[in-house]
Amino acid sequence: MKRCTWLLALLLGALTAQAHDAPPPASDAPPHKLYLSLVIDDLGQTPQRDQRVLALPGPVALSILPDARFATQLANATHAAGKTVMLHLPMDPASGPHAWHPERPLSELQARLDAALKVVPHAQGLNNHMGSRMTAQPVAMAWLMQRLQQDHRFFIDSRTSAATVAAAEAQKIGLASLSRDIFLDDDMRPEAVATQFEAALKLARKQGSALMIGHPHTATLALLERELPRLHDRGFELIDVQQLIALRSNRAMAAHGKNGLYR
């Protein structure tokens with residue numbers, strides 16, 4: 001009996017030691033993901049640069065100027081490639097036959113938008129080209145968001161001005177929308193573009209996601225061709241802008257508002 005008791009105690013001791021040495025059970029919770037989305041503006045002007053953008057890996061959205069010579073050609077090619085087509089609508093101080101200006105009546109703004117959408121077929125969404133004066137106009141922005149809602153298109157506020165009310169008007173009616181977090185290339189020097197790209201990654205680590213807008217500059221394209229394939233290994237996932245809209249549920253990030261509401 002004593003021998004059995006001793007053997008039992010020895011066995012229990014061994015099992016206890018194994019339990020202490022064993023790693024904790026794996027968690028069923030999915031790992032926290034960090035998301036990035038990317039829009040390239042000012043497209044349709046130069047086929048060589050347009051093709052480099054179209055060839056970028058992942059779900060990059062291409063925002064096409066309606067006044068550009070190759071706008072329709074690029075919109076069709078982008079759609080055929082399964083990537084997101086956006087209309088890059090010129091707004092004051094931009095000029096041209098499609099540009100929106102504060103002094104124009106809504107009927108003329110509508111006609112210019114209709115003409116622009118014909119030139120850029122397959123547009124799933126819209127963002128402003130320039131627009132520091134125009135995006136500060138509540139009546140025109142409210143009308144635009146209502147129109148996009150009717151058309152089942154999304155809106156991205158490029159935030160070219162701190163006075164913009166565009167995102168706020170979109171949020172009021174629940175329009176699928178986003179606001180730009182980082183411009184990659186206001187400064188087109190390669191080192192400056194690299195700094196902005198790293199700033200986007202840092203912001204995504206802080207708030208879970210970041211929306212970048214860039215342009216088809218030489219330094220920007222070179223960086224994106226080099227860095228986009230590395231994102232997964234760095235812990236980031238590049239997702240389409242529509243996915244980011246769903247992820248954020250139309251809520252403003254801290255830099256753009258308070259408690260999820262745009263200022």
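Two strands pair if DSSP finds at least two bridges between them. By that rule, strands S4 and S5 (residues 154-157) of this predicted model are partners, joined in the parallel sense over three bridges. Within this pairing, leucine 126 stands opposite phenylalanine 155 of S5. To get from S4 to S5 the chain passes through helix H5 (residues 138-151), and this β-α-β crossover is right-handed.

Strand S4 also has a partner in strand S3 (residues 85-91), and these two run in the parallel sense over six bridges. Here leucine 89 has asparagine 128 of S4 as its bridge partner. Another helix belongs to this part of the chain: S3, helix H4 (residues 106-119) and S4 form a right-handed β-α-β unit. Is S4 itself enclosed or open? Five of the six residues in S4 (residues 125-130) are buried, so the strand is largely enclosed by the rest of the structure.

H4 has 14 residues, and from its first C-alpha to its last it reaches 20 Å, close to the 20 Å expected at 1.5 Å a residue. Its buried residues are Leu109, Arg112, Leu113, Ala116 and Leu117. Seen down the axis of H4, these residues fall within an arc of 135°, so they line one face of the helix. An α-helix has 3.6 residues a turn, so residues three or four places apart point the same way. What do the buried residues of H4 pack against? They pack against S3, S4 and H5. The face turned away from the buried side of H4 carries the exposed residues Ser107 and Lys118.

Helix H9 (residues 241-248) can be read in a similar manner. Its buried residues include Val241, Leu244, Ile245 and Arg248. They cover an arc of only 105° around the axis, which puts them on the same side of H9. The buried residues of H9 pack against several elements, among them strand S1 (34-43), strand S2 (61-64) and S5. Strand S6 (177-179), helix H7 (190-207) and strand S8 (209-214) are also packed against by the buried residues of H9.

Some places in the backbone deserve a separate look. Most residues other than glycine have a negative phi, and most peptide bonds are trans. The peptide bond from aspartate 92 to proline 93, however, is cis, with omega near 20°. Proline 93 lies in the loop between S3 and H4. Aspartate 42 is not a glycine, yet has a positive phi of about 65°. This aspartate 42 is part of strand S1. With a relative accessible area of 17%, aspartate 42 is buried, since buried means under 20%. Serine 249, also not a glycine, has a positive phi of about 55°, and its place is in the loop between H9 and strand S10 (257-258).

Glutamine 51 sits in helix H2 (residues 47-54). At 44% relative accessibility, glutamine 51 counts as partly exposed. Its C-alpha atom is separated by 9.5 Å from that of threonine 78, which is 27 residues apart from it along the chain.

Finally, the chain as a whole. It contains nine helices and 11 strands. Of its 263 residues, 49% count as buried. Among the contacts in the chain with a separation of 6 or more, 71% are between residues 24 or more positions apart. The chain exposes about 13300 Å², and carbon and sulfur atoms supply 57% of that area.

Note on methods:
Residues are numbered from 1 along each chain as its sequence is written. This is a predicted model: local features need pLDDT of at least 70, side-chain atom pairs count only at pLDDT 80 or more; totals for chains, interfaces and linings use all residues. Side-chain values use heavy atoms; hydrogens and water are left out. Buried means under 20% relative accessible area, exposed over 50%, partly exposed in between (1.4 Å probe, protein chains only). Helices (H or I, at least four residues) and strands (E, at least two) are DSSP runs, numbered from the N terminus. A crossover is right-handed if, with the strands pointing away from the viewer, the path from the first strand over the helix to the second runs clockwise. Contact means heavy atoms within 4.5 Å. Accessible areas come from the Shrake-Rupley method with a 1.4 Å probe; for residues, only the protein chains shown count as cover. The expected span of a helix is 1.5 Å times one less than its number of residues. The arc is that of the directions from the helix axis to the C-beta atoms.
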